[in-house]
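Welcome, and thanks for looking at this one with us. Have the viewer open while you read; the report below goes from the overall picture down to single residues.

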Amino acid sequence: MRTRSSLVALGVLALVLTGCGNEAGPKARPGAGDPGPDALPTKLEALSADACFTGPQTQLPKGCEKYATEVGNTAGSVHKLAKAGKTVNQPLDRDATAIDQAVGAFRQAGCTTVAAPGGACTQALVSISTALTEVKQKVNQLATTG
């Protein structure tokens with residue numbers, strides 16, 4: 001009888017253990033990645049609501065690090081949209097390049113550690129804001145004209 005209850009216990013234990021895989025939990029999903037040109041108007045709307053966009057002259061540059069990164073990431077989608085048609089939308093592509101250059105200037109000036117407005121970092125934020133305004137206008141125009 002003891003052998004039989006031991007076998008039953010081992011069987012139950014085996015069933016419980018077979019339910020456990022080699023994973024500690026659910027698999028992590030890959031990152032969302034670039035949302036693409038279709039999500040661009042929504043992304044531009046969100047970026048243009050940021051204080052670093054609306055008041056670049058008064059912002060602490062180090063507080064705009066995430067904003068600058070997001071705008072820089074968005075430039076890739078703008079380049080894709082500009083090149084999506086039969087011909088390249090040169091004005092839109094130039095504006096995307098202006099974003100790339102402005103974000104590059106922000107990073108190159110070390111603005112992520114600058115705690116006071118002014119100088120090259122504020123100029124970079126103004127340039128980002130200006131380029132983003134141009135992109136937003138052109139993207140919205142494309143959305144209404146098709």
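## Ground rules and overall fold

A helix here is a DSSP run of H or I with at least four residues, numbered from the N terminus. Please keep in mind that this is a predicted model.

With that in hand, the secondary structure of the protein amounts to six helices and zero strands. Read from the N terminus, the order of elements is α-α-α-α-α-α. The protein has 146 residues, and 28% of them are buried. Among contacts with a separation of 6 or more, 73% join residues 24 or more positions apart.

## The nonpolar core

Which residues touch the most other members of the largest nonpolar core? This core holds 27 residues, and the answer is Y67, V71, I99, F106, I128, L132 and V135. At least two core residues come from each of α2 (40–47), α3 (51–54), α4 (65–82), α5 (90–108) and α6 (119–145). The largest share belongs to α6, with eight residues. As general background, nonpolar side chains in soluble globular proteins tend to be buried together.

Not counting residues up to four places away in sequence, L132 touches L44, L47, F53, Y67, V71 and I99.

## How α2 meets α6

The axes of α2 and α6 are 10 Å apart, and the two helices pack at an angle of about 145°. Their crossing is left-handed. On the α2 side the contact is made by L40, P41, L44, E45 and L47, while α6 brings L132, V135, K136 and V139. Sorted by class, this contact has seven nonpolar residues, two charged ones and no polar ones.

Is T74 buried or exposed? T74 counts as buried because its relative accessibility is 4%, and the cut-off for buried is under 20%. Leaving aside neighbours within four places in sequence, T74 is in contact with L40, K43, L44 and L47. Of that list, L40, L44 and L47 also take part in the contact of α2 with α6.

## Helix α5

## A loop residue for contrast

Finally, T113 lies in the loop between α5 and α6. Its relative accessible area is 66%, so T113 is exposed, the cut-off for exposed being over 50%. T113 and G63 are 50 residues apart along the chain, and their C-alpha atoms are separated by 8.7 Å.

Notes:
Residues numbered from 1 in each chain as written. Predicted model: local features only at pLDDT ≥ 70, side-chain atom pairs only at ≥ 80, totals over all residues. Heavy atoms only, no water. Core = buried A, V, L, I, M, F, W, Y, C linked by side-chain atoms within 4.5 Å. Buried < 20%, exposed > 50% of the residue type's maximum accessible area, 1.4 Å probe, protein only. Contact = heavy atoms within 4.5 Å. Axes fitted to C-alpha atoms, helices over the stretch in contact; angles between N-to-C directions. Left-handed = near helix turned anticlockwise from the far one by under 90°. Nonpolar A, V, L, I, M, F, W, Y, C, P; charged D, E, K, R; others polar.
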